[in-house]
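This report goes through selected local features of the structure shown below, taking backbone, ligand, salt bridges and surface in turn.

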Amino acid sequence: MLKDDSTPAGSSADYSERDLKAIWHPYTRLLTSPPPLPIARAEGVRLYGEDGRAYIDAVSSWWVNIHGHSHPRLCRAVCEQIKKLDHVIFAGFTHRPAVELAEKLLAVCPSGLSRVFYSDNGSTSVEVALKMALQYWSNSGRPEKRGFAAFGNAYHGDTVGAMSVSARSVFTRAFAPLLFEVSRAAAPDCYRCPKGLAPAACRAECLDDLEAILAERASSLAAVIVEPLLQAAGGMLIAPPAHLKRLRTLCDRYEVLFIADEVMTGFGRTGKMFACEHAGVSPDIMCLSKAITGGVLPLAATLCTGKIYEAFLSEDPAKTFYHGHSYTANPIACASALENFRIFEDEPVFERIRWIERRFTERLTPLKSLPHVGDVRVLGGVGVVELVRDKKTKEAGGYLDKTGGELAAEFLKRGVLLRPLGNVLYVMPPYVISEKDLDYVLDQIVDVIEEV
Ligand code: PLP
């Protein structure tokens with residue numbers, strides 16, 4: 001067990017029991033889920049339970065936290081902003097934090113993006129992107145371009161449009177009647193390469209599949225949406241930059257918009273501010289959320305080119321983009337996002353990520369020799385160990401593999417929050433994790449994986 005003497009004795013209130021009576025959590029399976037763990041406070045990379053136990057947050061609390069919990073600078077920015085302006089309608093009104101944040105985002109994002117549309121979570125940033133792409137073509141006199149292409153294994157969120165472009169899976173099955181059809185191209189899965197190629201010989205041949213789709217029906221497609229370099233919830237699959245480069249070329253050649261869903265990859269997670277930078281490509285539309293505020297408040301931004309924005313400027317009310325959420329551009333969230341950027345400017349954030357990447361490579365790669373480890377993947381601040389039933393055939397249990405839950409329970413006993421995606425164990429800590437804590441997490445992973 002991970003001990004922390006600074007942890008105060010916990011309250012005796014049994015929040016698990018009370019929680020079970022009142023709350024419906026995501027992914028609850030009432031008969032088999034362990035009761036939710038009550039967390040009282042958090043600091044740095046640690047979460048502290050009501051009972052005083054400490055847990056290292058090795059998944060950055062659903063991939064949002066990058067500078068550690070309750071970061072004093074983010075706390076201060078939030079407190080100062082709430083005293084000045086808590087919230088204001090963002091249609092017909094504006095405010096300094098939203099304007100400064102938009103300028104900042106445009107200064108660091110891939111070139112060509114020149115407008116910021118705010119919303120409040122990753123799924124809504126994707127809904128905005130899809131609606132924007134569709135209406136762009138209809139405003140431009142080409143309403144027949146209204147379909148979307150997306151990749152196998154993709155995950156873009158839980159709202160209806162985002163689910164539609166996500167791969168069909170256990171996540172979407174119950175909602176099939178609501179989802180629109182999408183042209184589905186082969187996933188950029190280097191471990192199970194659809195072309196049977198080794199990464200060193202890869203020229204993004206898996207995109208032949210998308211090219212065939214575009215050659216046949218680009219005239220009816222508005223956009224292609226991609227999780228650049230890293231398909232996250234679909235199994236932490238890492239693609240080479242060549243995939244993005246060829247995708248950009250194809251989108252240009254066949255006149256479809258390129259939507260980069262950087263909700264998860266944005267803000268350093270892959271080792272660059274945005275994953276598109278690895279390939280030197282600029283999307284037409286880019287979705288951001290999760291770590292945008294440093295991981296303390298919900299906020300999202302969908303960035304687009306000037307050409308797309310201009311297609312919505314008209315005296316004709318039918319050309320207006322009718323989309324707006326109550327909490328669009330919440331000033332407190334924007335203030336937190338601005339402070340997040342300042343932390344990037346003042347602290348060696350990318351050095352930290354590079355160091356984590358090196359440590360993951362050193363410690364996780366040797367696990368590849370184990371008979372039940374099919375693949376080890378590392379990209380920036382993400383380390384992945386994929387467990388398989390058969391190393392030769394690469395047969396694996398998938399998301400519903402109960403090994404995931406069992407591993408999570410074992411890691412929790414050892415004071416580490418890890419939440420495998422079924423047979424895919426990944427580690428993604430806040431970038432500020434210390435050497436001692438990262439080594440502790442990796443020791444537990446090596447120990448548990450060797451035992452499985
Ligand atoms: N897009 C990607 C690539 C994601 O990984 C996620 C969430 O994991 C989303 C969109 C949805 O974000 P949210 O959970 O904030 O709705």
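## Backbone with positive phi

Leucine 229 counts as buried, because its relative accessibility is 4%, where buried means under 20% relative accessible area, exposed over 50% and partly exposed in between, with a 1.4 Å probe and protein chains only. Leucine 229 has a positive phi of about 65 degrees although it is not a glycine, and it lies in the loop between strand E7 (221–226) and strand E8 (230–231); helices (H or I, at least four residues) and strands (E, at least two) are DSSP runs, numbered from the N terminus. Lysine 394, likewise not a glycine, has a positive phi of about 65 degrees; this residue is found in the loop between E14 and H12 and counts as partly exposed, at 28% relative accessibility.

The model is a predicted one, in which local features need pLDDT of at least 70 and side-chain atom pairs count only at pLDDT 80 or more, whereas totals for chains, interfaces and linings use all residues. Residues are numbered from 1 along each chain as its sequence is written, and side-chain values use heavy atoms, with hydrogens and water left out.

## Ligand surroundings

The residues around the ligand are Trp63, Asn121, Gly122, Ser123, Tyr155, His156, Gly157, Glu227, Asp261, Val263, Met264 and Lys290, a residue being near a molecule if one of its heavy atoms lies within 4 Å of it. Sorted by class, this shell has four nonpolar, five polar and three charged residues; here Ala, Val, Leu, Ile, Met, Phe, Trp, Tyr, Cys and Pro count as nonpolar, Asp, Glu, Lys and Arg as charged, and the others, Gly among them, as polar.

Which ligand atom is 2.7 Å from an N or O atom in the side chain of aspartate 261? It is a nitrogen atom of the ligand, and this is a polar contact, that is, a pair of N or O atoms within 3.5 Å, where within protein one must be able to donate a hydrogen and the other to accept it, and residues adjacent in sequence count only if both atoms are side-chain atoms. An oxygen atom of the ligand is 3.3 Å from an N or O atom in the side chain of asparagine 121, and a polar side-chain atom of lysine 290 lies 3.1 Å from an oxygen atom of the ligand. Taken alone, the ligand exposes 390 Å², of which the protein buries 83%; accessible areas come from the Shrake-Rupley method with a 1.4 Å probe, and for residues only the protein chains shown count as cover.

## Salt bridges

A search of the whole structure finds 30 salt bridges, each defined as a side-chain nitrogen of Lys or Arg within 4 Å of a carboxyl oxygen of Asp or Glu. One of them joins the side chains of glutamate 211 and arginine 253, at 3.0 Å from N to O, and this pair links distant parts of the chain, with glutamate 211 in helix H7 (residues 208–217) and arginine 253 in helix H8 (residues 241–254), 42 residues apart. Glutamate 211 is buried, with a relative accessible area of 19%, whereas arginine 253 is exposed, at 52%.

Glutamate 339 and arginine 342 also meet in a salt bridge, at 2.6 Å from N to O; both lie in helix H10 (residues 331–346), three residues apart, about one turn of the helix. Glutamate 339 is buried, with a relative accessible area of 11%, while arginine 342 counts as partly exposed at 33%. In the salt bridge of arginine 352 with glutamate 347, the closest N and O atoms are 3.0 Å apart. Elsewhere, salt bridges that share partners join Arg359, Glu362, Arg363, Glu435, Asp439 and Asp443 into one network.

## The loop between H9 and H10

Leucine 313 lies in the loop between helix H9 (306–310) and H10 and is exposed, with a relative accessible area of 51%. The C-alpha atoms of leucine 313 and asparagine 139 are separated by 9.4 Å, although these residues are 174 residues apart along the chain.

Threonine 328 is placed in the loop between H9 and H10, but is buried, with a relative accessible area of 8%. A polar atom of the side chain of threonine 328 lies 2.7 Å from the backbone oxygen of histidine 325.

## Nonpolar surface patch

Tyr27, Trp62, Val170, Tyr399 and Leu400 form a nonpolar patch on the surface, with about 470 Å² of accessible area together. Patches are made of residues with over 30% relative accessible area and no salt bridge, like charges being joined within 9 Å and nonpolar side chains (Val, Leu, Ile, Met, Phe, Trp, Tyr) within 5 Å. Leucine 400 lies in the loop between strand E14 (382–387) and helix H12 (403–413), and it is exposed, with a relative accessible area of 56%.
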